[in-house]
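I opened the notebook for a look around this fold. Below are my entries, in the order in which I looked things up.

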Amino acid sequence: MASKSEFLNSSKETDILVIGNGPAALILSYLLHGNTPYYNADGQYGRYPDKTLHQLLSNIIAQSDAYTANQASKQSTSLYDCVLHNLSLQSYILNAGMTIQKNVFSTINFLLDTLMAPDIDTDIEARKKTRIKWQMSKENAVNHIVIGSGFAAGGQWVGGDMPFRTLSYAEMLSLPGFLFSDYFKKQYGREPDQYYRPYRSEVAAYYAMYPSCVGIDDSIYTNYTVLSLRRSRPSHFTAVVQENSTGCLSVIRARNVVLATGVSTHHIPPDPILCPIISDQYKAGIGLLCDQQESRLNGNSNVTSNDSTVLIIGSGFSAADAIIALPPNKKIIHLFRWNPKSNPSPLRSCHRETYPEYATLYRLMKLAAAGKTVTPLDVKKSQNPLLRSLVGRYEGIPNYSIESIDSNTVRFFTSCGEITERNVDEFRSYIGRIGVISYLSSSLRVELGLRSDQIWASKDTFRKRILNRMMRWSKGSLIEGAENENEISISETYFSITESDLSSLISDENSVVVEDYSATYGLELSDNIFVIGSLVGDSLVRYTLGSCVVVAGNIIERFRGKTQS
């Protein structure tokens, strides 16, 4: 990582400031170091399986190659050219309904994911069959700083987590240039199992190791918090940064800013009515639950814990993890929302063979919602250890409404409208996670379409703005007579893409390549302010590459002066 000493008590200038150092920020840094993606139809596995998508890419590359040849350019056509100067790819994906099928918000995220790992949902070795090849192009390198508050790179994956396995398989968490399987082999001397779901601590260690393994650690700064960010001039930003361990302040001036702080850094706080029973474990962020589960995972059976009742609120994976982690002498009161038609629990999508623990808990929640419980015969027949463990100590209460708290007694309305009460000793709330954007100045928040006092960000925060700007294209040119020749002036316009059938989309006569403009896909929220990662609206790591390619491509082209007037 970059030296802290050179950063403290100083003012620093950079072309690009990336706020956040999670997976998306690491991918962006990999790209801004000059690692350039190309479509590879000539590798071991041949062209991309979708013939139409392959034909679209091939035609775009041919057209772009012809254009650059006429311009006496030595640059071959990369995926930057394919996605920035042609919207027929996006049109095809939208018309085919692919993003709807996969529940993906951003078309560009879907496109790069499917090229990086074709059919990964059904082929676990898809990463090895990637249709993207990487080449180092020094001319595509742009000076940048990636800054994050964690003690290591990795964003929300770093520290303080319970020792649970991830939902995604290992290769779905991989970043370009150094896959998780590379990390695993380096650590353990062997390949991970095909359907390996790593522990979160393993993923955190992988992301922490990633910068040094791909040669980007010179741009990664950890253990720093951005306190404020404001636009100081039309094409400049000023950030005040604090070193977490010493409190020392620094100032960074940047020409472009990329927001990559994510939407999962903080738990949504519980209802204040529950404050009297918030336990010390919850206040500490982690606690006895983690220690007990980790001890059992390490084979320590001598874990002692007082008999008590734990109140857990939530219907998602975090609540499920907390329930699964509890030792067998703890009783569980589980309050959750149940609305399977319009707002189903994410546990519903978990297959009992792939995710047996989550499927089991979802079954118990479903039974509770129907006013039923597991019968003794079900328990006797079951070979499920979690089901056997939970029966008799788990009570699910759907669609609750808390009425009052008196000491450790919780009174609440049930879904039938009856008032009931339970005595509880500990409390956990897992009603969701959220990101923080309090570092943005109030004027910058308004500029991005937010309220001036808005400090929280979810995956929906920027969706409307991204959609409104989805078809916007930008044109960058050097400012004549500017003090700094790297200052960029951005003008924007709209190009309408008419509805076309697939035959016209892939026709050789189709000429929608626009070399003087580049598509931002709505990811430039305002002049020189970009967004990547889960702030785009897609929270899975596998769907981060697309936004990073678009943002990196736009930045690289502006600083290379390719899109000039």
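**Entry: H1 against H8.** Pro 23, Leu 26 and Tyr 30 in H1 meet Tyr 207, Tyr 210, Pro 211 and Val 214 in H8. By class I find seven nonpolar residues in the contact of H1 with H8, no polar and no charged ones. For the classes, Ala, Val, Leu, Ile, Met, Phe, Trp, Tyr, Cys and Pro count as nonpolar, Asp, Glu, Lys and Arg as charged, and the others, Gly among them, as polar. The axes of helix H1 (residues 23–32) and H8 come within 11 Å and cross at roughly 0 degrees. That makes H1 roughly parallel to H8.

**Entry: ground rules.** I noted that this is a predicted model, in which local features need pLDDT of at least 70 and side-chain atom pairs count only at pLDDT 80 or more, while totals for chains, interfaces and linings use all residues. Residues are numbered from 1 along each chain as its sequence is written, and side-chain values use heavy atoms, with hydrogens and water left out. Helices (H or I, at least four residues) and strands (E, at least two) are DSSP runs, numbered from the N terminus. Axes are lines fitted to C-alpha atoms, for helices over the stretch in contact, and angles run from 0 to 180 degrees between N-to-C directions. Angles under 35 degrees count as roughly parallel, over 145 as roughly antiparallel, 65 to 115 as roughly perpendicular and the rest as oblique.

**Entry: the whole protein.** I counted 18 helices and 23 strands in the protein. Of its 565 residues, 53% count as buried; buried means under 20% relative accessible area, exposed over 50%, and partly exposed in between (1.4 Å probe, protein chains only). Among contacts between residues at least 6 apart in sequence, 71% join residues at least 24 apart.

**Entry: H7 against H8.** At what angle do H7 and H8 pack? Helix H7 (residues 180–188) and helix H8 (residues 200–214) pack at about 95 degrees, with their axes 10 Å apart. H7 and H8 are therefore roughly perpendicular to each other. I looked up who touches whom: Phe 180, Tyr 183, Phe 184, Lys 186, Gln 187 and Tyr 188 in H7 meet Glu 202, Val 203, Ala 205, Tyr 206, Met 209 and Cys 213 in H8. The residues of this contact divide into nine nonpolar, one polar and two charged.

**Entry: the parallel sheet.** Next I traced an open sheet of four strands, in the order S12-S11-S10-S16 and with parallel pairing. S12 and strand S16 (426–429) stand at the edges with a single partner strand each, so one side of each is left without a neighbour in the sheet. Neighbouring strands here are turned by 15 degrees against each other on average, direction ignored. I took two strands as paired if DSSP finds at least two bridges between them.

Strand S10 (residues 308–313) pairs with S16 over four bridges, and six bridges join S10 to S11. I used Ile 312 as a landmark: its bridge partner in S16 is Arg 428, and in S11 Ile 312 stands opposite His 334. Is S11 enclosed or open? Six of the seven residues of S11 are buried, so S11 is largely enclosed by the rest of the structure.

**Entry: helices over that sheet.** Helix H11 (residues 317–325) lies across S10, strand S11 (330–336) and S12, running at about 165 degrees to S10. Helix H12 (residues 356–369) lies across S11 and S12, at about 60 degrees to S12.

**Entry: the antiparallel sheet.** Three strands form another open sheet in the order S13-S14-S15, with antiparallel pairing. Its edge strands are S13 and strand S15 (419–423), each pairing on one side only. Neighbouring strands are turned by 25 degrees against each other on average, direction ignored. S13 and strand S14 (residues 409–413) pair over five bridges, and Phe 413 in S14 is the bridge partner of Ser 401.

**Entry: two asparagines.** I finished with backbone angles. Asn 399 has a phi near 50 degrees, a positive value in a residue other than glycine, and is found in the loop between strand S12 (394–398) and strand S13 (401–406). Asn 528 has a positive phi too, of about 70 degrees, and sits in the loop between strand S22 (524–526) and strand S23 (529–531).

Conventions
Contact = heavy atoms within 4.5 Å.
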